[in-house]
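I opened the model today to look up a few strands and a helix. My notes follow.

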Number of protein chains: 2
Amino acid sequence: MKSRDIYIKNTPLNEALNIWDKALNSLPLFNKTECISPDDALGRVTAKPVFAPRSTPFYNAAAMDGIAVRFRDTIGASEATPLRLTREQFADINTGNALNNSYDAVIMIEDIQRTSEGEAEIIASATPWQHVRTIGEDIVATELILPEGHKIRPIDLGAMLATGITSIEVHCIPSVLVIPTGSDVVQPSAPLEAGNIIEFNSRILAGYLEEWGALSERSEVVPDDPEAIKAALIQGTAQHDLVIINAGASAGAKDFTASVLNEIGTVLVHGVNIKPGKPVILAVVNNTPVIGLPGYPVSAVLTQRLFIKNIIYTALGLTPPKAELTSSTLSRPISSKMGVEDFVRVKLGRVGSNLMATPTGRGAGAVMSLVQADGILTIPAGSEGIGAGEQADIELLRPMDEIDNTLVFIGSHDNILDVLANMLHGLRPLIRLSSSHVGSMGGLMAIRRGEAHIAGTHLIDEASGEYNVPFIKKFLPGVPLKLINLAYREQGLLVPKGNPKNIQGYDDLIRDDIHFINRQRGAGTRILTDLNLKKYKIKGNQINGYDREEYTHMNVASAVAAGSADTGAAIRAAAKALDLDFIPVASERYDLIVPTAHLDDLRVRSLLAAIGRNKQFHSIVQNLGGYNLRDCGKIMYEQS
Amino acid sequence: MKSRDIYIKNTPLNEALNIWDKALNSLPLFNKTECISPDDALGRVTAKPVFAPRSTPFYNAAAMDGIAVRFRDTIGASEATPLRLTREQFADINTGNALNNSYDAVIMIEDIQRTSEGEAEIIASATPWQHVRTIGEDIVATELILPEGHKIRPIDLGAMLATGITSIEVHCIPSVLVIPTGSDVVQPSAPLEAGNIIEFNSRILAGYLEEWGALSERSEVVPDDPEAIKAALIQGTAQHDLVIINAGASAGAKDFTASVLNEIGTVLVHGVNIKPGKPVILAVVNNTPVIGLPGYPVSAVLTQRLFIKNIIYTALGLTPPKAELTSSTLSRPISSKMGVEDFVRVKLGRVGSNLMATPTGRGAGAVMSLVQADGILTIPAGSEGIGAGEQADIELLRPMDEIDNTLVFIGSHDNILDVLANMLHGLRPLIRLSSSHVGSMGGLMAIRRGEAHIAGTHLIDEASGEYNVPFIKKFLPGVPLKLINLAYREQGLLVPKGNPKNIQGYDDLIRDDIHFINRQRGAGTRILTDLNLKKYKIKGNQINGYDREEYTHMNVASAVAAGSADTGAAIRAAAKALDLDFIPVASERYDLIVPTAHLDDLRVRSLLAAIGRNKQFHSIVQNLGGYNLRDCGKIMYEQS
């Protein structure tokens, strides 16, 4: 357990970046150039200015189809006094042909009358060198074609090839090796057993390296064995410009990366005051930079961005692109530990005139949180967080265009939302649906704060038994809106296939051998559960797992399918998706709240068009199981 | 000469695009999909939504290094009453390890005291499933991972591989064949003779196709022979999704493309009301779109953008990107023929608060005009042009950032400018020098109109013999500025090596056997020439070629080197560059005019820093020949 003693420091990010830059400055990485043919040069960056060795055109060339003439022979020609040139006074010529030395002008074919004797009649005199591209007209030999540090575009290839350039000096493309480590790490195609970690990090990391312009290579997975790691690093640093090792950067029993790096090279930094990504290691081995990235995918991606992206651009001879920042209003407070630089993944949505940012609020292990993120919010080390309603700069992960075209749905989760996201794309390829599942009450609050275009809700009022309307009257008074039905759906208790513990209803939840899994407070399903428990006079503390909360029907279903819970409340579609048995409890109404202000928004109109009288939509939804679409698209309530 | 009769229509651009879109809609090009492994999917576009076949994590996994426990065993632990867990009550566990079924929580290593007997002492009770990533916490099986029409990013690879996706359906990458034609067309490496056209168009066109995402292939050059062209087109359309043939689209003696296409397929459009690019041909052969592009590189590039770019994006399953437009002030009027859609290449420069657009004003054969262009201005068919000072939308060819970092130099040409462009890059990689050579007077006028940061001028006043200052007082009265010397330089007459026609000075210019080449009106060199001619009592009409004007020293040198002129006036550096003999006429002062308003501009400061006391700069300039830098950087005159 020796390696458990590794001490991870908390170096401030800026200091770590400075140490890293300074150490790398002197390494060969940034000074490698090569000479290549223009044919291979697209996208490469010039390391030297490029001058024209030859003029273009390199001969006097006809700029038009027509005849080559001596301008002196044409003097006096006019419409009134046409002039006939004899066969000896002109030559047929096509665009690009060389002018014979005796000629000094071209007359366009359109301006020539031919006579039967092969003579040419002209009705205007030519000026010297008219319609001739003279030598060097485009580029004169010795002229600067491309300055140093220029990224070569297709048109630049033309200028180089036209002037006879056969070789140019460009910056080398940095070659980067990504070494995945871990004895439990297996390839995606391998048979799986519990505890296996699927080797996808290296693919993500290599993908970003390629996007930034590097040449990336992935090695075999190296087991958690100091000798194997050492051998891989020694070989990698000998053959590549940069090595990325993932993971083993932490201080666990099997985290050997730091100690091996210390042995064979210099560890510059181990531990930075960032979250996620704290245990990152910056080192130099063999004159080659080596970075040890943390194991969680989100941590690995973010630390690679922080410490590697600029290096790749600099090595390529390019100025690293500035982060695209946008100012956004925070929809809820984010707290942050003093002394830690926090990188928070956020979703963005333009609702009305506000660009709202909402943290995705999931752990560094959640790949999907980064798939869905629109941007990253940095909370500086000196800050304790940002309050709701405050402005913050967000670094964009998607083009602003795409965010502006995003329909923001917040509220209760339903499996139909995935169907809608796809339908919408089919109808309007530019419009994207972003849905955040925060429960029905969360949806109402989002509408109240102006954070969503549409909220999904299925809240039953205990007193009246009425759905949604009483809650709207209470929490959204005075907000002009329409309440539009999406579907009726079956709620119930999910149990494993065959119902091995013979659960029949709520009464069974208090059994000692039953572990329940609940939904979060504010979810319509939670309210329904609590209402039913009240009816059966059951208290929450009588139920094992009443306090264990999940945010979606599918997560409840997943827990039951996995056996970490025996039952939980969810909709029938969730049971059907994961092949569970379903004990029906209620049929409930799931509606969409759409503020009148957004009804004319193209994004909202497109979604409403997708659900209304669309055969394909209805048949896909019926297949999900447990839905009734008799009122789908119908206005259930209006408020003005 | 049969093919000379081909009739090229003047179809309006929008109509041509509509015909093209409609004809292509039904072709297989847009509906080709394939199934590939996620490992090959970076940058590809989903043709179907992607759902998770498996949950991730697929087992309950420790989220921390520590020990796995049963939460019930930990109840009651606190700082005041630490609890000892026996070896049977816990298991060591590392992040990512699977929780044995009997455990339901993880306690972090930091919160554990070990005793010698291998027991673990804890000071807080665990909550159920704390520090456990439960099954499906990240992604639940059946969840939508990527919608249809999504361009796959590195992080998406992770989400797919994590959930066990082994194959996804994506849009095929369109395969495009570029066929260069022309019997005079030779490869860049071939030995050249006058009349040869260097085959670089296909490289430029293929380069843009690659940038847009297509797979491009270039064929051998096909000679101007209808049978050879026919064979190439039949084979090309059988093997590719799209075929581009360049050129032969026009109506010259050797332009067979249209007639061949008519024979083997359907010509949809031949001739569009655009300039450049009028003779473009749109056709379908073998269910495959074929476009015949005009031969001039600028025409070929612009028509390819107009008719092919969107097709590539659509075939890839992407929405074509919107053109990035910027509003700009025109620095000079542009006239346009009614009925023709004009595409004008412009340079852009942000001077003060104005973004100024200046047409590059060169022919469709000039590759360099497109290399240097920052944007394209479209003048609609219904317009006769745009006046100076009017606003116009420009489609950007460079990122706005790059344009904002461009130092705009307008004025007299000097070979030192190329040196400066590179020096500047070395000092400040982001700053780019854009220089337009319009002569000294043009430079003064550009300063007056607020179009340039710096003007270069070498205007001698006839009366006083003084340089630049009298002109500034006359044309820029009241403009606060500094006049800063760049160099003294030798002006003279350029003659071929050995001076075969024995030219000794201005007197020789009136000889019958001498062809002169002049500079444009307003150029300092032209003014010097006219002054000298006056001194020698020579009139312009006594000189052959007095009316033939070039815009730069190098173009004059080029004409003399090529033999299309016997002599011309230019600086010694131009003679030296092209190995000509030089008859000195005068030493003149070349100064920079810098308005005080721009003196603090980082771009201007960087340029001034590059010329001041910079040894490398001085030695490079001395090598150009004919320069004296004794006053370089010195303020010669100030006006406030």
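I count a residue as buried if 20 or more other C-beta atoms lie within 10 Å of its own. The model is predicted.

**Strand β21, chain B.** I checked β21(B), residues 288-293, for cover. Six of its six residues are buried. B:Thr288, B:Val290 and B:Gly292 point one way, and B:Pro289, B:Ile291 and B:Leu293 point the other way.

Next I looked up the partners of β21(B). Strand β17 of chain B (242-246) runs parallel to β21(B), joined by four bridges. There, B:Ile244 stands opposite B:Ile291. Strand β20 of chain B (281-285) pairs with β21(B) in the antiparallel sense, over five bridges. B:Val285 stands opposite B:Thr288. β20(B) and β21(B) form a hairpin with two residues between them. I noted B:Asn286 in that turn, with a positive phi of about 65°.

**A three-strand sheet, chain B.** I traced an open, antiparallel sheet in the order β5-β9-β8. β5 (83-85) and β8 (112-114) are at the edges with a single partner strand each, so one side of each has no neighbour in the sheet. Neighbouring strands here are turned by 35° against each other on average, direction ignored. β8(B) and β9(B), residues 120-122, pair over three bridges. The bridge partner of B:Gln113 is B:Glu121 in β9(B).

**Helix α10, chain A.** I checked the span of α10(A), residues 416-427. Its 12 residues reach 16 Å from first C-alpha to last, close to the 16 Å expected. Its buried residues include A:Ile416, A:Leu420 and A:Leu424. What do the buried residues of α10(A) pack against? I found β30, β32, α16 and α17 of chain A, together with β11 of chain B.

Definitions and conventions. Residues are numbered from 1 along each chain as its sequence is written. Chains are lettered from A and ligands numbered from 1 in the order in which they are written. This is a predicted model: local features need pLDDT of at least 70, side-chain atom pairs count only at pLDDT 80 or more; totals for chains, interfaces and linings use all residues. Two strands pair if DSSP finds at least two bridges between them. Axes are lines fitted to C-alpha atoms, for helices over the stretch in contact, and angles run from 0 to 180 degrees between N-to-C directions. The expected span of a helix is 1.5 Å times one less than its number of residues. A residue is buried if 20 or more other C-beta atoms lie within 10 Å of its own, exposed if 12 or fewer, and partly exposed in between; C-beta atoms are placed from the backbone. Two residues are in contact if their C-beta atoms, placed from the backbone, lie within 7 Å.
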